[in-house]
Amino acid sequence: MAKNLGRLLSASTHGFLLKNLPGSFFSCRNLCVCSDQTTESINVTSFPCNGLETSLGGSVDKRFLRWRNGGGTYHSSAVIDSSALVEFGAVVHERAILGAEVHIGSNTVVGPSVKIGPSTKIGYNVSVSNCSIGESCVIHNGVCLGQDGFGFYVDEHGDMVKKPQALNVKIGNRVEIGANTCIDRGSWRETVIGDDTKIDNLVQIGHNVVIGKSCMLCGQVGIAGSAEIGDYVVLGGRVAVRDHVSIVSKVRLAANSCVTKNITEPGDYGGFPAVPIHQWRRQIVQAQLSSKKKP
């Protein structure tokens, strides 16, 4: 079967089946042909349905073009530095701006009017919308930036009504964001991530959150909407921060802590609700001692 198909394709390529078709209609593909006895790999000439894509790049449709460095797709109104790499499968939408040495991974979508600073690296399957990103940032695979925040209210009829989510996310310089982290756009103020902040995998940052510079957020941290975090703050794994609370600069929170009210003094905290670390340790010891007492 494979040999017969190969002869048919070879004959068609040499002229009588494909005669008079323009060269731009052809692009080379690899087809694996299987039978009971053998498996062969042969080259097949295929025909794009719309006739606009070519094997050498160029137009995809009237508004989207093929980027020469990487083979990704970009809108004609986007501004992309000539040194930027947009990998095959990535899409850059209208009025987006990509600086020098930006790297966009395959299947990543850069939304309309997004700005990405120089030397920023964005991985695979990332969604970036309603957002600006500074220079020398690293955005790992699967990150979602700039989607609507979780904002609803109950109207006079008892129905859930969505609050408008119309503002943006602002990412500073040299920020690193781990895989599958989500950062929501703002509703009444922009969501802000300060310079040099490092965020682990699977972190959720709600709308209107403001995070200062040089903070560290470990895996599975959750920060509810409109919280405000100062500079040099460290949140251990699975720390939860309630909405509308503020944390002063130079605070460290132990893993699994929950912040339910404002923290106004620098230092180490832990527990649920979070209290100064020495107080939390005494609570743990007292709980253990009381559990050992005989009834």
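The following dialogue examines how several terms apply to this predicted model.

Guide: In this predicted model, local features need pLDDT of at least 70 and side-chain atom pairs count only at pLDDT 80 or more, while totals for chains, interfaces and linings use all residues. Residues are numbered from 1 along each chain as its sequence is written, and side-chain values use heavy atoms, with hydrogens and water left out.

Visitor: Why is Val 275 called buried?
Guide: Buried means under 20% relative accessible area, exposed over 50%, and partly exposed in between (1.4 Å probe, protein chains only). Val 275 has 13% relative accessibility and therefore counts as buried. This residue lies in strand S35, residues 275–276, where a strand is a DSSP run (E) of at least two residues, numbered from the N terminus.

Visitor: What makes Arg 185 and Asp 148 a salt bridge?
Guide: The term requires a side-chain nitrogen of Lys or Arg within 4 Å of a carboxyl oxygen of Asp or Glu. The closest N and O atoms of Arg 185 and Asp 148 are 3.4 Å apart, so the pair meets the definition. Arg 185 sits in the loop between strands S21 and S22, and Asp 148 in the loop between S16 and S17, 37 residues apart.

Visitor: Are the two partners, Arg 185 and Asp 148, buried or partly exposed?
Guide: Arg 185, at 12% relative accessibility, counts as buried, whereas Asp 148, at 36%, is partly exposed.

Visitor: How do you know that Arg 174 and Asp 196 form a salt bridge?
Guide: Their N to O distance is 2.7 Å, which falls within the limit, so the name applies. Arg 174 lies in the loop between S19 and S20 and Asp 196 in the loop between S22 and S23, so the pair ties together parts 22 residues apart in sequence.

Visitor: What makes the nonpolar surface patch that includes Phe 152?
Guide: Patches are made of residues with over 30% relative accessible area and no salt bridge; like charges are joined within 9 Å, and nonpolar side chains (Val, Leu, Ile, Met, Phe, Trp, Tyr) within 5 Å. Phe 152 has a relative accessible area of 38%, so its area passes that cut-off. Phe 150, Phe 152, Val 154 and Met 160 make the patch of about 490 Å², with accessible areas from the Shrake-Rupley method with a 1.4 Å probe, only the protein chains shown counting as cover for residues.

Terms used:
Helices (H or I, at least four residues) and strands (E, at least two) are DSSP runs, numbered from the N terminus.
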